[in-house]
Amino acid sequence: MNKLISTLSQVDDDRLRTILQAIPDLIWLKDMNGVYLTCNHRFEQFFGALEKDIIGHTDYDFVSKELADSFRENDRIAMMKGGPSKNEEWVTFADDGHQELLEATKTPLLDKEGQLIGVLGISRDITQRKKSEMFEKFRSSTLELLTGDTPLTVILEFIVQGVEQLNSAMNCSILLLDEEGKHLGHGIAPSLPAFYNAAIDGVAIGMGVGSCGTAAYTGERVIVEDIATHPYWAPYKTLAAKAGLGACWSEPIRSSFNQVLGTFAIYHKDKNYPSEADIYVIEQSAHLASIAIERKLLEEKVRQLAFYDTLTNLPNRRLLKERLNQAMSVSKRTHCYCALMFIDLDNFKPINDMHGHGIGDLLLIDAAKRLKSCVREMDTVARFGGDEFVVLLSELDVDQAISTSQAQRVAQKIRAALSVPYVLPTDILPAATIEHRCTASIGVTVFLNQGINQDDILKQADAAMYEAKEAGGNSIRFHDNLKN
Ligand SMILES: Nc1nc2c(ncn2[C@@H]2O[C@H](COP(=O)(O)OP(=O)(O)OP(=O)(O)O)[C@@H](O)[C@H]2O)c(=O)[nH]1
């Protein structure tokens, strides 16, 4: 009978043991002095020792004193509390050196009489849960940035650095595809060596052009586990080796219309293949980047529509007024004169009447280019409407006469440039052109920011332009000339 009971209890023990070994959590029992009584297989991996060599020993025999002290302290807290207590700890597994964030639940162990005899510990790997929580926080802060007027490059750098902070073994990069969709550039990769970034800036995308060039070309994710041996990296493997890069996974950044905008890449120093969690990170980061890029492109488009003329791409009246405001503030500070020219084309209407508005448009575009070629980068050429343009020359000179003669020279250059016959393509015959002659009437006012407002400045230049028109066109009149 006793033998039967002992056999049955042996069967129970074996079952319990099988269950304990199958549980993916770390499970162990310690007595009140911290001496191990038993543990399961997952726990053996943590200490890198077999259960038989763990039993009878304490934490001090397997981990650093600092960590053992903290284990011991948490054991004491659970025993004193008389109920389960939880704590989180980053630990390194002795068997293969990997790290995990463990959430340990420690419960006091009582005997049949209710006497405290030790502590039961169960630790669960919460690394992924924690990483997901941290990623969610990072995602919200990125989205918050998008609601302000933070520049796109700053937001993209925030994404790259955020992912690197969450995954210390990763170095990331964002490359943007140019408007033609042929080259990658404007790299955001603060952790990659400058020589590497410079070498890949402007690279033409294509099959086998590293991970990013291929991902942008195919629109598909490219996982290169080992740069040294992968054919996509053959042309760049020396460069990558010099930069200390062993693996590169690249995800295309796609717009909501599925257009490739660029790539988000994760690099590792050594060979590396992504886990499911890594794939989540790369997908989500590329998605965040796409929201940022698309939003900024939209803002840019709205700004372009609000402040630029759609036909010539020149600043419109609204932007001209802003620029005039700025020029007047600078003039107040520097005491330098500015000049504003009102330009109206002579004899423009006939081209519309004879060849249609399409050809008239081409002439206006050509005139806009000619105007821009006559002034400095800092000056403004705006389309005021129809065949009227305004040129604003800022920061001329503190001397009025010198400023007037500078403005005179620019006005003459403009008059000459605009009077060159316009040779424009027409669709009547392939490669056929028409030639149209038109000139410009130019009114100029030279001003200092003293006792004058924007409207007066524009009115003065406009009145001077009418004088030029009255004089038969193709001529320049200064506001002062009207007075004198
Ligand atoms: N093609 C084209 N024509 C335009 C546009 N905006 C205005 N126009 C035309 O430009 C012409 C401007 O008229 P005017 O300034 O009287 O023409 P003009 O022949 O230069 O007259 P003068 O200044 O007296 O020499 C009108 O026929 C408008 O219809 C545009 O965006 N495209």
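Two strands pair if DSSP finds at least two bridges between them, and I keep that rule in mind for the entries that follow, all of which concern a predicted model.

**Entry: the mixed sheet**

I looked up an open sheet of 5 strands and found that its order is E13-E14-E12-E17-E18, with mixed pairing. Strand E13 (380–385) and strand E18 (475–478) are the edge strands, as each pairs on one side only. I noted that neighbouring strands here are turned by 20° against each other on average, with direction ignored.

I then turned to helix H14 (residues 400–419), which lies across E12, E14, E17 and E18 and runs at about 165° to E17.

**Entry: the antiparallel sheet**

I found another open sheet of 5 strands, with the order E2-E1-E5-E4-E3 and antiparallel pairing. At its edges stand strand E2 (36–39) and strand E3 (85–92), each with a single partner strand, so one side of each is left without a neighbour in the sheet. The twist from one strand to the next averages 25°.

For the pair of E3 and strand E4 (residues 99–110), I recorded 8 bridges and an antiparallel course, and I noted that lysine 86 stands opposite threonine 105 in E4. Helix H4 (residues 65–81) lies across strand E1 (26–31), E3, E4 and strand E5 (116–125), and its course is at about 35° to E4.

**Entry: helices against H10**

I next followed helix H10 (residues 276–307), whose axis comes within 10 Å of that of helix H6 (residues 152–166), the two crossing at roughly 170°. Because of that angle, H6 counts as roughly antiparallel to H10. On the H6 side the contact is made by Leu152, Ile155, Leu156, Ile159 and Val163, while the H10 side includes Leu288, Ala289 and Ala292. Sorted by class, the contact of H6 with H10 has 10 nonpolar, 1 polar and 1 charged residues.

Helix H5 (residues 127–147) also approaches H10, with axes that come within 11 Å and cross at roughly 5°, which means that H5 is roughly parallel to H10. I listed Gln128, Lys131, Phe135, Arg139, Thr142 and Leu146 in H5 as the residues that meet H10, where their partners include Ala277, Gln284 and Arg295. The residues of this contact of H5 with H10 divide into 7 nonpolar, 3 polar and 3 charged.

**Entry: around the ligand**

I looked at the 14 residues around the ligand and found that Asp346, Phe348, Lys349, Gly360 and Gly386 come nearest. Strand E12 (338–346), helix H12 (349–355) and helix H13 (357–373) each supply at least two residues of this shell, and H13 gives the largest share, with 4 residues. By class, I recorded 4 nonpolar, 5 polar and 5 charged residues in the shell.

**Entry: the chain as a whole**

Finally, I noted that the secondary structure of the protein chain comes to 16 helices and 18 strands. Buried residues make up 32% of its 484 residues. Among contacts in the chain with a separation of 6 or more, 53% are between residues 24 or more positions apart.

Conventions
Residues numbered from 1 in each chain as written. Predicted model: local features only at pLDDT ≥ 70, side-chain atom pairs only at ≥ 80, totals over all residues. Near = placed C-beta within 6 Å. Nonpolar A, V, L, I, M, F, W, Y, C, P; charged D, E, K, R; others polar. Buried ≥ 20, exposed ≤ 12 C-beta atoms within 10 Å, placed from the backbone. Contact = placed C-beta atoms within 7 Å. Axes fitted to C-alpha atoms, helices over the stretch in contact; angles between N-to-C directions. Parallel < 35°, antiparallel > 145°, perpendicular 65-115°, else oblique.
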